[in-house]
Amino acid sequence: MEITITYNFFLFFLLLMCLKCHGCMDEERVALHQIKSSINSPQGTAFSSCYGEDCCQWEGVECNPSTTRVIRLSFHHRRHQSLPELWYPNATLFAQFKDLQELELPGNQIGGLVSPNELSRLKQLQKIDIHDNTIEVGSHLCWGKVPSLHFLDLSRNKLQGNIPKCLCENLHVKELSLSNNFLIGKINACLRNMTSLEYLDLSYNRFNASFSLSHFANLSRLSYLDISWSFLEVETESITRVPSFNLSVLNLAACNLKIIPSFISSQTHLKSLDLSYNSLAGNIPSWVLDNVSKELQLRGNGFIGPFPKSFQNSSQLNELDISDNFLSGSFPGDIGLDFPELLHLNASWNNFSGRLPPSFVRMKQLLFLELSGNQFHGEIPCGMTSNMSSLEYLGLSRNNLTGDALPKNSSLPKLRWLYLHRNHFTGNFPDSLSKSMDLLLADIRETDMSGELSSNLHVLPEIRVLLLGGNNFEGQIPQQLCQMRHLRVLDLSRNNLFGGIPKCINNITSWTNETPVLNFPRDPWTTVEFTAKHWLATYEGRIVSYLRGIDMSCNRLTGTIPVQMTQLKGLGSLNLSSNLLTGQIPATFADMTQLESLDLSRNILSGKVPHELTALLFLSVFDVSFNNLSGKLPLEGQLGTFDKESYMGNPGLCGPPLDKECDEVLEKPPSFFPNKATTYTLLQPSLCAIFLLFLE
């Protein structure tokens, strides 16, 4: 008898194993192949890898280990961007997975769901994530009541019109995101019936309507609310009683607020508050600092008065942004004691004055410090740059600071962004930057620094942007630059540098690669001011990764343009104007296929304008004026689009767009620069002075 029971159990075990030998259910495997065909229609390549019989092992598929039924489908950015048509999947495809709990389809060019009501058959479906698609019509989202649905993300689509009322049928949804769409009109009142809501994001829409926060007063579970940047005019005092919710995050940026909503004072668990870019005025109330425990954003308002102070002995804030207001007076001398937990402080673009407080030395955890655009004076405190070992970003631009750019005992080992331009520093290039081996960007333009640059500049192995224009640096261009292989943007303009251009410049591989390597961190605070195409422009965010340029104008550089410079095939902008360069324009400039701006004006270059330059297809600014060039101008390609200002001051040049015909030109052009020193004295200082006046 015992043998029979054991044998039967063994047979049952074998049968169970056979049921699982193929992993997932046959009908669900078939359904997955149908999804594959649909997402690839008409000729896509998603899921091109070979998949086995066990679809539970497929990428993006998760099964219940006990039942082998599919419980999660996570297909992110699978539909190829080159496919010409939008994808309109039939919801029946997904309704075949009876135990499906999570459906994630972001970034698949979905234009809408066909038969969306089929999703209501999925009784265990808890999550629908179809953000970052192209859905415009709200009716494509009317799937009816899905009883277990808790999470719904429809952000970054193209939803138009009002908020679809059918979404409110899902009363058990806890998290709802409709941000970054094109929704208009009043916020649908039916949202107040979704009493399970804990997270609601309606930011970055186009409602263009007034809105009362009393709509949400009864959502007792709500902890996250974001209605910023949605063209809403929020009625600040519409909540006449204490709301039932207790928020942890409240974002009301750009909501046309005139006063701070009083109900915020009752929010005792508020971790993050964003009131940026409203019309708030007066002093910053102390209770606001006391009510928020982590992040407080007040930038872009009309606040006046002194630096805000907490009623408490010390604030627990990690992030404080009061930039772009009208705050004034001195910084509190005990700021390090008042805000001991700060990681991020932005007080830029105010009217603060006085000296930088030494108590900054206590803020050892600080990662980000931005104080640009104020009226601070005096020297940078020694302890400020010696004990803040965690600091990654330091912004002190456009103040009246003096002394050394960085104190000699400075040690900022984690520094990555440094902005010091437009101050009155003296002395040499800061030697202490040799300790900042992770430095990505240094903007030290127009600071009155001097000295021999090649003696003080150390190799910065990770530097991407080095801006040193408008100082009084002397000597030759440092050879150390050639070891900074990641350098993207270099500004040495308006200094007193002399000698030749280093022939090792082609060692900088970020300039020799035609295709840019996008390894620059895409942080929102990355800002680069650089003169290209004759204009000083500001580049921010992602575009910085594509910026590659050199500006060595307004110096005393001599010799010929080295052929190695023409090997910088990835360079977009090159400015060598107002120097003493001689020789001919290299025909190999034609190899710099990405060049958009080339300025060689006000040098002593001779010979012809090379016909090979007509191959530069992206060239939109070209200036060789005031040299000693001669011959007939080539008119093909982009060179045919420039006017005579690009060539003026070269008596030997002829042909359109110049007025002089070629048969009127002497065989040997007259010497335009009889004396190099005299020429430099007459031309360069006046041009650079005009440039400096323009910047002012």
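Contact means heavy atoms within 4.5 Å.

**Ground rules**

I am working with a predicted model, where local features need pLDDT of at least 70, side-chain atom pairs count only at pLDDT 80 or more, and totals for chains, interfaces and linings use all residues. Residues are numbered from 1 along each chain as its sequence is written, and side-chain values use heavy atoms, with hydrogens and water left out.

**Entry: Ile135**

I looked up Ile135 and found it in the loop between strand S4 (127–129) and strand S5 (151–153). Helices (H or I, at least four residues) and strands (E, at least two) are DSSP runs, numbered from the N terminus. Is Ile135 buried or exposed? Ile135 counts as buried because its relative accessibility is 1%; buried means under 20% relative accessible area, exposed over 50%, and partly exposed in between (1.4 Å probe, protein chains only). Leaving aside neighbours within four places in sequence, I noted its contacts, among them Ile110, Gly111, Leu141 and Leu159. Ile110 is 25 residues away along the chain, yet the two C-alpha atoms are separated by 6.2 Å.

**Entry: Leu86**

Next I went to Leu86, in the loop between strand S2 (70–74) and helix H3 (92–95). Leu86 is partly exposed, because its relative accessible area is 33%.

**Entry: strand S33**

I then followed strand S33 (residues 496–499), whose covered face holds Leu497 and Gly499, while Asn496 and Phe498 are on the uncovered one. Which strands pair with S33? Strand S31 (residues 472–476) runs parallel to S33 and is joined to it by three bridges. Strand S37 (residues 556–559) also pairs with S33 in the parallel sense, over two bridges. Two strands pair if DSSP finds at least two bridges between them.

A reminder to myself: strands of a sheet pair through backbone hydrogen bonds, either parallel or antiparallel. Here I found three strands in an open sheet, in the order S41-S43-S44, with parallel pairing. Which strands are at the edges? They are S41 (606–607) and S44 (652–654), and each pairs on one side only.
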